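Have the structure open beside you and take the points one at a time.

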Amino acid sequence: CAQAAHLAQGGPEFCNICFIDQLGAAPCIQLRCGHIFHLRCVREKIAKRWTGYRITFGFLECPLCKQPFEHPALAGDLAPVLELRQKVQEKSLVHLRLEGLDRAPELLPGGRFAGHLEAFAMHKMAFFLCSRCHKPYFSGAAQCQEAVDFNPDELVCAGCSAPAAGGEASCPSHGTDFIQYKCRYCCSVACWFCWGTHHFCDPCHRKAGTLRNLKSVPNVCTCGKSHPSHGTEYCLGCSMCRAQREEHAGF
């Protein structure tokens with residue numbers, strides 16, 4: 001109850017989520033880690049999820065000790081986001097291996113992520129949430145990015161954007177999870193789909209307003225693979241099948 005929570009803190013204290021009301025002003029919960037917050041504040045924090053366009057899960061951690069939120073009263077609030085986190089973790093591990101990063105120095109004894117392959121995969125691989133099918137999709141290797149304004153409707157996975165762009169909507173072996181498009185203006189994998197016509201990687205998306213109006217695009221290839229000239233939509237197909245073909249070919 002609120003009174004018990006108030007006494008447990010040893011005196012008048014404010015909720016360390018809202019920083020507006022004292023703990024005794026509203027019903028509270030004591031998390032498994034021992035810290036106490038307003039129940040409504042914890043629920044609102046979970047409901048708001050991550051900030052920005054990359055899926056992250058720091059919002060599921062106690063703001064004071066970074067331990068996971070755990071309490072019976074939160075079971076219904078946590079269930080869908082924990083399911084999402086499991087999906088992102090599984091896909092992160094697959095893409096980590098596809099990128100050949102499962103033997104990275106950070107995973108070796110003494111490394112920052114030694115013994116924590118899943119955490120390393122989540123750290124290195126970035127995922128967005130598709131605005132159409134509401135599933136997480138791979139957006140490339142993660143990089144530190146500043147928070148910017150964005151249109152959530154432009155977050156569209158390759159499987160959902162394929163019909164409009166004239167590409168492969170699904171792989172017979174792996175479904176839609178590994179369908180990828182090349183960025184319209186460089187060799188990177190696309191993660192944005194704008195105007196119903198253009199696929200962009202994140203750096204090119206940041207300057208998409210000028211790129212769309214270019215009459216000619218420098219045709220500079222950095223991947224060394226066969227594809228149409230930049231400025232043309234191109235579906236890369238299934239990344240899983242592509243990796244398997246390259247492995248059998250001895251790449």
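1. Buried residues account for 37% of the 251 residues in the protein. Please keep in mind while reading that this is a predicted model. Its accessible surface comes to about 14,000 Å², and carbon and sulfur atoms hold 51% of that area.

2. For the overall layout, count eight helices and eight strands in the protein. Contacts also reach along the chain: of those between residues at least 6 apart in sequence, 51% join residues at least 24 apart.

3. Just after α2 comes Arg-49, with a positive phi of about 60°.

4. Next, turn to helix α8, residues 239-248. Its buried residues are Ser-239, Met-240, Cys-241 and Arg-242. They pack against α3, β5 (179-182) and β8 (234-238).

5. Which residues lie nearest the centre of the second largest pocket? They are Phe-57, Gly-58, Glu-61, Arg-85 and Met-122, out of 20 lining residues. Two or more lining residues come from each of α3 (75-98), α4 (117-124) and β3 (125-129). Helix α3 gives the most, with five residues. The volume of this pocket is about 440 Å³.

6. The residues of the lining of the second largest pocket divide into eleven nonpolar, five charged and four polar.

7. Last, find Asp-202 in helix α6, which spans residues 202-205. Is Asp-202 buried or exposed? Asp-202 counts as buried because its relative accessible area is 8%, and the cut-off for buried is under 20%. The side chain of Asp-202 has a partner: a polar contact of 3.0 Å joins it to the side chain of Trp-192.

How values were computed: Residues are numbered from 1 along each chain as its sequence is written. This is a predicted model: local features need pLDDT of at least 70, side-chain atom pairs count only at pLDDT 80 or more; totals for chains, interfaces and linings use all residues. Side-chain values use heavy atoms; hydrogens and water are left out. On a 1 Å grid over the protein atoms alone, a cavity is a set of points where a 1.4 Å probe fits but cannot get out, and a pocket is an open set with protein on both sides within 12 Å along at least five of seven lines; lining residues have an atom within 4 Å of a point. Grid points are joined across faces, edges and corners, and a volume is the space filled by probe spheres set on the points. Helices (H or I, at least four residues) and strands (E, at least two) are DSSP runs, numbered from the N terminus. Ala, Val, Leu, Ile, Met, Phe, Trp, Tyr, Cys and Pro count as nonpolar, Asp, Glu, Lys and Arg as charged, and the others, Gly among them, as polar. Buried means under 20% relative accessible area, exposed over 50%, partly exposed in between (1.4 Å probe, protein chains only). Contact means heavy atoms within 4.5 Å. Accessible areas come from the Shrake-Rupley method with a 1.4 Å probe; for residues, only the protein chains shown count as cover. A polar contact is a pair of N or O atoms within 3.5 Å; within protein, one must be able to donate a hydrogen and the other to accept it, and residues adjacent in sequence count only if both atoms are side-chain atoms.
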